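Subject: Structure for your files

Hello,

Here is the structure I said I would pass on.

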Amino acid sequence: MSGLEAIIFDVDGTLADTERDGHRVAFNCAFNDEGLDWNWAPELYGKLLQITGGKERIQFYINNYCPGFVPSSGELKSFVAELHASKTHYYVQLLKEGKIPLRVGVKRLIDDARKQGVRLAIATTTTRENVTALLESTLGADSLSWFEVIAAGDIVPLKKPDPAIYRYVLEQLNLEPHVCLAVEDSANGVKSSLGANIKTVVTVNAYTENDDFSGASLVISDMGEEADPFKLLDGYAKGARCLDVSLLQEIMNQ
Ligand code: XBP
Ligand code: MG
């Protein structure tokens, strides 16, 4: 039997529904500023989400949808990096305007973990800047200090589904995988956390509900609240109505 010592959260799609009305909108603003006629509609964006990382996603789009594209200035790699920096600027603005709330039950679970002395960490593909803006705009300026490790973006050479980001978090926490639990929302995220041998709970969203979550311990609609329980999609939730430390502890012991 292992005690739960840390919860490692993914960010995009897990803490908040950031993709369709956040990242996607910001990409399109950056494209527009650059005079590009690219427009990532919600459905196309769903396909592009298979590629994790904003810079990697832009590069994939150019390779597959814009053959022969030549940037207006400089090399392609630096052009993509600048375009992505502009996208980050727009995305942070959206967060600062309070446009993206946390998903159901996220604050409750974080509060529960803090009360019970469970350590918190983040493993995400997005940039540190974006994580900071999301946490500050939803949980307040202090909340950054609640997370012992915030592993983000290019801190590791390979993004999810590679397990590098989760391995990095384990190293920083100085914990073995069997005392940690990951919360993810996508197949790429689950491959990454399971690749680091961390048991994983999935809260799905509209972009990921049909993903393959093989190996996940529990798949639910969202973290739920007592008054607004989650829907159980796969696994055994012991009759729980919401994802809390006690349910995570049960999962650790399965
Ligand atoms: C999130 C992503 C990110 C965001 C964009 O994946 O794929 O690329 O869409 O972020 P995960 P950046 O939730 O698995 O971490 O543009 O900042 O890269
Ligand atoms: Mg995610």
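To begin with the largest pocket: helix 1 contributes the most to its lining, with five residues. Please keep in mind throughout that this is a predicted model.

The largest pocket holds about 650 Å³ of space. Its lining is made up of 41 residues, and those nearest the centre are Asp12, Glu19, Leu49, Arg57 and Asp185. Besides helix 1 (19-33), the elements that supply two or more lining residues are helix 3 (54-65), helix 4 (76-96) and helix 8 (187-195). Sorted by class, the lining has 20 polar residues, 16 charged residues and five nonpolar ones.

Next, the ligand. What surrounds ligand 1? There are 18 residues around it, and Gly54, Arg57, His84, Lys87 and Thr126 are the closest.

- Gly54 uses its backbone, with an N or O atom 2.6 Å from a ligand oxygen.
- Asn130 uses its side chain, where an N or O atom is 3.2 Å from an oxygen of ligand 1.
- Lys160 also places a side-chain N or O atom by a ligand oxygen, at 3.4 Å.

On its own, ligand 1 would expose 450 Å², and the protein buries 97% of that area.

Lys160 leads on to the backbone details. Is the peptide bond from Lys160 to Pro161 cis or trans? The bond is cis, and its omega is near 15°. Pro161 sits in the loop that runs between strand 3 (149-152) and helix 7 (164-173).

The other backbone detail is at Asn197. This residue is not a glycine, yet its phi is positive, at about 65°. Asn197 belongs to the loop between helix 8 and strand 5 (199-203), and helix 8 is one of the elements that give two or more residues to the lining of the largest pocket.

Regards

Methods: Residues numbered from 1 in each chain as written. Chains lettered and ligands numbered in written order. Predicted model: local features only at pLDDT ≥ 70, side-chain atom pairs only at ≥ 80, totals over all residues. Heavy atoms only, no water. 1 Å grid on protein atoms, 1.4 Å probe; cavity = no way out; pocket = protein on both sides within 12 Å on 5 of 7 lines; lining within 4 Å. Points joined across faces, edges and corners; volume = space filled by probe spheres on them. Helix = DSSP H or I, 4+ residues; strand = E, 2+ residues; numbered from the N terminus. Nonpolar A, V, L, I, M, F, W, Y, C, P; charged D, E, K, R; others polar. Near = heavy atom within 4 Å. Polar contact = N/O pair within 3.5 Å; in protein donor to acceptor, adjacent residues only side chain to side chain. Areas by Shrake-Rupley, 256 points an atom, 1.4 Å probe, with all protein chains shown as cover.
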